[in-house]
Amino acid sequence: MSVHNSMELEEHDYSGEFGLVGNIEQQDETAYYNSRSSVLLDSNHDNYDEEDGSRDGKIIHFSKRKLYGREKELAQLHDTFQRNLQTEQAEIIFLSGYSGSGKSALVQEFVQQIIGSNGNQSATNMSVHVIMGKYQELRLSDPFGAIANALSRWCKSLSRQEMKDLGHHCIGTSEQGAGELSQKIGDDVSVLLDLVPELSCLLIGEATDKGKTTVSDKTKNRDDGHVPVPSQGVKKDTGRGSPIGSGSNHLSQSQQGPNKTRLQYCVHSFLQCICSHRPIIMHLDDLQWADDASLELLLSILSADTGSSSLPSLLFIGSYRSNAVYEDHPLTALMNDLKEKLSQSQVASSLSAASESAPGTMATNLQFLDLPELSRVHVQEFLADTLGYEPEQRDEIAPLSDAIFHKTLGNMFYVMQATEELVRKNVLYYDSVIFAWQWNLQAEKKGTKSAAPRDVETSKGHIISTKSDFSKFQGVFSEGILDMVRSKIEHMPDLLALALVVASHVRAIFDANTLLHILSSWSDYDDGTMQSDTPSVGEKSAISKTMIKHLMSSSHTVTKEDLVKNLDRAVYEGLLLREPETEAVDQEYKFGHDMIQEASRSFVQGEDRNQLLFRVGHALALLGSNLSTGQDWMLFTAAHHLNSVPRHHHKTVSNKIKVMELNLRTARLSTGVAGFDEAVGLLRAGVAILDSAVRWSDEYYDLTLEMFNLLLRTELNLGNYELLKPLITEVLENGRTLRDKSPAFFSTLVALRQEREHDVVVETGISILQKFGVDIPDDLEGIPPEEANANDRISDLSLEEKADLISSSKYAEDETILVVIDKILGSSTVAGKFMVSFQLGQVALEFCMAEGVSEYLPRILVHSCHYYRKHGTPRQSYDLAIWCQEMLDQIPGVTPSTYCNV
């Protein structure tokens, strides 16, 4: 079975639970290399240290060649996949378990068995797309970050020919016509490209020899980090590089970016297209940290399970920590909603199948699989393999395995850490004289290795205990798992420990260049809040909180060579894993497990952590703003960190403006992919940097107004009408011109309409129009139909005038008046005030004939059809509707919702 996966599924590439699998090779006098890293270090040295990069006698080596105690769960995954292939029913599995129980390792082993070793064909003799992503605790990435990253990495894994074939399948060719995806979403392919720019290699771009994207000249000139599609004359509200204070206070509907429903439909259509090409195995890890937007997207995709909306060849596996998902957790709500929706679909499917007139529809299967901790027997088996014992000798290490099991309760990641801690404390050590592992409790007290105790016998080089009381082991272990991992990090070289601390505040996957940039930026943001009472950096001592604090406050040079050497040491030690699919110049790393990242993060707390976040945030903001090297995740991570620190860290006016601009940029990027919840949080954090009395001063006015305008639009998209009221009040009180206040006017009308106060909407809207200088009477409804018909400018238009408007290349630059009229008509027509709608249509027509056409004009004029049906003729209503349709066909960038309204 060939594979197209989002990650190279080699040893320790994807799974964080590297301690779950073992079959540990025995050490001998020859150089032994850590299979976790897939990196060969110096084979001419016996000890790895920070000077020569060779191996360390205190390291116990683990490889991934056996899955312990998961035969039942693995068989269940295989059965589910085979059922998916045979029945063409989508399969959903939610995999739960404690951190370190081996959820990721189980899925990785399953995928490796499906695709065969090294991607070779297996017995199924078919191809499968493997899409894998992972959420992280701090939510440092942009909205839908794990899903977008998974699709991005999957896309990069495709060969040139695969890209071409899949692109033809999705988009089509001039010979075969439109492809499956083009027929479904048309020009909305831009929504997918904004979410995952790398998809341009499939949807609009060309593939290079390496299967990467060749970006067009149009793409190279973009400054927002996204790949464009052929535009229709409408600019989008984008993020990186957008000038502050530029652009209008209002964006037409075609300019506001996709709504959630549109985005969900596009992503679902894309996956459906891929499913029809080849089966998909999709795994999203750590769903307990998924953002709300991602959960909504998943619910939309996974619940669309029948008929033309089905994803018949999808196996979705979502894993999460069971101890982190409580009753009112968003993920719990997702699973309950999904269960209810699929249950209703099953009923509908049964009824449809029972009907003679309607064929049956395929329904999705939903499973919940809980992964328990391993048993005492499996822990003993793992340790016996680790120490080189034959199967018949496993009982000989029962005291040791019982002690470790009692401490770890069968969590294999904890078992790994506990075993390594015994090695670090010389309780468990390898005797190179007899080529065997042995243990001695006295070694911990003396701090040195000792010879085999008197009360042991040797057999085939293995130490066999007969009398020792291994309950004493419990006093050797650290208090908890984080302490175990911290103990390991504390014995690392200074630079490596600092790099781990910084990397733990970056993101799950990082590269040496990014870390180097951050470490080299210390002196740029030193405000004197971090002082050190520790001696020189080079002094040999265990890494502690004070040492980390000292390293952070020091101004010293870090070279790329030294940093990479230390990161490779971390790989060797099992603290980090390499990402093998990247180029050597951009080698990426990730933490071997979430607990390692959490332990690294715990070295800095309180005000010291605020200072670290401040420095990392500014460094990433600078790097992310660079048009050649910047990536969206850098801006989102920077915004998260700088929003997390107390306001007193943002001391200068310049610094405050930078942070506010950063929040505005990232909010624009969020709204560009319908991440409205994320955008609201960013905007509110940005405006909160300043007190209300200060943010409207001359220094901040334009920036504050821009942020409030976007915040108003975003809250409207979310339907948070109650939250709009204080925002509207603040803008109306502090806005200096009517144009500055116009977004607040729009929001007021929308909020009133939502409360079904239609009469108030009409009254308020007319008042707003009068403020903008529109000559309009207060009582539009009281105009007699005879008078209205006599002054009917719409019906009086000649065919030539209508044709001129349709073909006009002049577009209204300021649509404020048209927007207000459009908001009023939504209520006047509902309330049966057809005369009001008709008179406002006359106003809109006169405005557009003078200022230029707008997509709002047909939206507004079509309301007059109701007036004609009551006070005119059906022919007038029909002719007007046809004319509005013809205008829409000629106006670029018209949204589908406008067509629906007309």
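Helix H33 (residues 799–807) packs against helix H38 (residues 874–890) at an angle of about 30 degrees, with the axes 8 Å apart. H33 is therefore roughly parallel to H38, a label for angles under 35 degrees. The model is predicted: local features need pLDDT of at least 70, side-chain atom pairs count only at pLDDT 80 or more, and totals for chains, interfaces and linings use all residues. Residues are numbered from 1 along each chain as its sequence is written, and side-chain values use heavy atoms, leaving out hydrogens and water.

Axes are lines fitted to C-alpha atoms, for helices over the stretch in contact, and angles run from 0 to 180 degrees between N-to-C directions. Helices are DSSP runs (H or I, at least four residues), and strands are E runs of at least two, numbered from the N terminus.

In H33, Lys 802, Leu 805 and Ile 806 meet Trp 883, Glu 886, Met 887 and Gln 890 of H38. Contact means heavy atoms within 4.5 Å.

| Helix pair | Residues | Angle | Axis separation |
|---|---|---|---|
| H33 and H38 | 799–807 and 874–890 | about 30 degrees | 8 Å |
| H1 and H2 | 71–87 and 103–115 | about 50 degrees | 10 Å |

Glu 73, Leu 74, Leu 77, His 78 and Phe 81 in H1 touch Leu 106, Glu 109, Phe 110, Gln 113 and Ile 114 in H2.

The protein chain has 39 helices and 17 strands. Of its 902 residues, 56% are buried, meaning under 20% relative accessible area with a 1.4 Å probe, protein chains only. Among contacts between residues at least 6 apart in sequence, 75% join residues at least 24 apart.

Key. Angles under 35 degrees count as roughly parallel, over 145 as roughly antiparallel, 65 to 115 as roughly perpendicular and the rest as oblique. Buried means under 20% relative accessible area, exposed over 50%, partly exposed in between (1.4 Å probe, protein chains only).
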